[in-house]
Amino acid sequence: MIEVRDLVKRYGENLAVDHMSFTIEAGKVYGFLGPNGAGKSTTMNIMTGYLGPTEGTVCINGHNIMDEPETAKKSIGYLPEHPPLYMDMKVSEYIAFAAELKHVPKARRKEEIERVIARCGLDKVRGRLIGNLSKGYKQRVGLAQAIIGSPEVVILDEPTVGLDPNQIIEIRDLIRTLGREHTVILSSHILSEVQEICDEVLIIHQGRLIAQGTPAQLENKLGAPSLEITVRSASENAVKAMLFAVDQVKDVSCTVRDGEITAAIKTVEGADIREQVFNACVQNAIPLLMMRPIEFSLEQIFLKIIRDSAQGAEKKRKIKKVIRVPVAGSAAPETESAVGPAADSGTEVQE
């Protein structure tokens with residue numbers, strides 16, 4: 001459906017998108033996540049043809065967005081963070097205008113306009129000026145222009161920003177229904193919204209794609225415990241030995257308090273070991289007081305991945321070697337850690 005390969009976008013010396021690659025499959029709802037300035041909107045603007053890349057390619061259904069822009073853009077509907085609305089036009093006039101711009105055939109234009117007005121819940125305001133509508137209805141009009149012509153892909157950049165709680169729920173429900181007929185790419189700062197709506201998540205940090213998958217897959221990649229139990233036992237070693245004997249257990253960490261031992265258990269991805277753990281407790285005569293699966297919210301996963309990425313980047317920066325190139329008459333070349341003491345003279349060259 002969409003293939004992004006080695007995408008780079010520079011603004012002078014600022015690298016907004018750093019060699020990003022990913023594939024969007026048909027029939028799914030994708031969430032774009034990342035801190036402010038991570039490159040989400042820039043990537044979306046390149047995917048829609050609003051911006052040109054410095055390097056790399058974006059192909060929509062096999063058509064390069066730069067080489068075949070008209071053909072590629074026919075498959076895309078786009079709602080920017082600030083919808084391109086004409087405030088002095090009526091709702092129905094604006095949607096008709098959008099249909100004409102998107103070359104919806106005249107024979108079915110009226111039917112298509114009625115379809116998106118009904119789909120976006122705009123029938124009651126179709127005759128009103130857009131400038132007199134609430135923020136929520138303006139977002140609905142923006143969505144209507146994005147889906148007119150039935151594009152295969154709908155890209156939504158912060159579609160619920162600035163809305164009140166009721167309006168957020170309404171737009172969220174609308175996006176969920178769009179996901180049944182379109183491939184949807186959604187950027188949002190509301191992580192609970194992404195978790196509820198999206199099938200897959202792409203996490204972007206400092207212009208790079210650092211993680212992609214379902215929330216469950218991302219949770220497993222963190223190596224986080226998936227099951228927690230509390231037992232009554234005098235021996236932590238006995239509890240660990242019992243659990244490590246259970247098939248598909250990868251790691252166990254225990255805390256002891258008042259004669260009770262709570263064990264956090266890491267398993268092979270997707271493994272359900274609750275029954276085996278229960279049977280092991282019975283066989284070893286260890287009273288089982290509590291058992292519960294450990295579930296992480298998308299917010300916890302997101303923060304952990306971003307933190308790990310930032311720490312990894314800092315670690316790489318610190319362990320880079322600095323080659324000391326001697327000037328004439330100085331001592332032999334010397335290699336030091338970037339965090340170690342610097343030599344007294346010479347020119348630094350990064351490896």
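Tutor: Let us take H5, whose 13 residues should span 18 Å at 1.5 Å a residue; the end C-alpha atoms of H5 are 19 Å apart, which agrees. The model under discussion is a predicted one. Helix H5 covers residues 135-147, and Gly149, which follows H5, has a positive phi, near 90°.

Ten of the 13 residues of H5 are buried, so that the helix is mostly covered, where buried means under 20% relative accessible area. The buried residues are Gly136, Gln139, Arg140, Val141, Gly142, Leu143, Ala144, Gln145, Ala146 and Ile147. The elements that cover them include S6, H3 and H4, together with strand S7 (153-157) and helix H6 (165-178).

Helix H4 deserves a description of its own. Within H4, the residues Arg109, Glu112, Ile113, Val116 and Ile117 are buried. An α-helix has 3.6 residues a turn, so residues three or four places apart point the same way. Just after H4, Gly121 adopts a positive phi of about 65°.

The largest pocket holds about 670 Å³ of space. It is lined by 25 residues, and those closest to its centre are Lys73, Ile76, Leu101, Lys102 and Gln145. Gln145 is also one of the buried residues of H5. Helix H2 (69-73), strand S6 (76-79) and H3 each contribute at least two residues to the lining of the largest pocket. The most comes from H3, which supplies four residues. S6 and H3 are also among the elements that cover the buried residues of H5.

In soluble globular proteins, nonpolar side chains tend to be buried together. The largest nonpolar core here has 48 residues, of which Ile95, Leu122 and Ile203 touch the most other members. Apart from it lies another core, of 25 residues, including Val4, Met20, Ile60 and Ile76. Ile76 is also one of the residues closest to the centre of the largest pocket.

Leaving aside neighbours within four places in sequence, Ile203 is in contact with Leu33, Arg208, Leu209, Ile210, Ala211, Leu218, Phe302, Ile305 and Ile306. Leu33 is also in contact with Lys40, as are Phe32, Gly34, Pro35, Ser187, His189 and Ile204, again leaving aside neighbours within four places in sequence. Lys40 is placed in helix H1 (residues 40-47), and counts as buried because its relative accessibility is 6%. A polar atom of the Lys40 side chain lies 3.0 Å from the backbone oxygen of Gly34. Between the C-alpha atoms of Lys40 and Leu209 there are 9.9 Å in space, although 169 residues separate the two in sequence.

Finally, the whole chain gives the scale. The protein chain has eleven helices and 17 strands, and 41% of its 351 residues count as buried. Among contacts in the protein chain with a separation of 6 or more, 65% are between residues 24 or more positions apart.

Note on methods
Residues are numbered from 1 along each chain as its sequence is written. This is a predicted model: local features need pLDDT of at least 70, side-chain atom pairs count only at pLDDT 80 or more; totals for chains, interfaces and linings use all residues. Side-chain values use heavy atoms; hydrogens and water are left out. Buried means under 20% relative accessible area, exposed over 50%, partly exposed in between (1.4 Å probe, protein chains only). Contact means heavy atoms within 4.5 Å. A polar contact is a pair of N or O atoms within 3.5 Å; within protein, one must be able to donate a hydrogen and the other to accept it, and residues adjacent in sequence count only if both atoms are side-chain atoms. A nonpolar core is a set of buried Ala, Val, Leu, Ile, Met, Phe, Trp, Tyr and Cys residues joined through side-chain atoms within 4.5 Å. On a 1 Å grid over the protein atoms alone, a cavity is a set of points where a 1.4 Å probe fits but cannot get out, and a pocket is an open set with protein on both sides within 12 Å along at least five of seven lines; lining residues have an atom within 4 Å of a point. Grid points are joined across faces, edges and corners, and a volume is the space filled by probe spheres set on the points. The expected span of a helix is 1.5 Å times one less than its number of residues.
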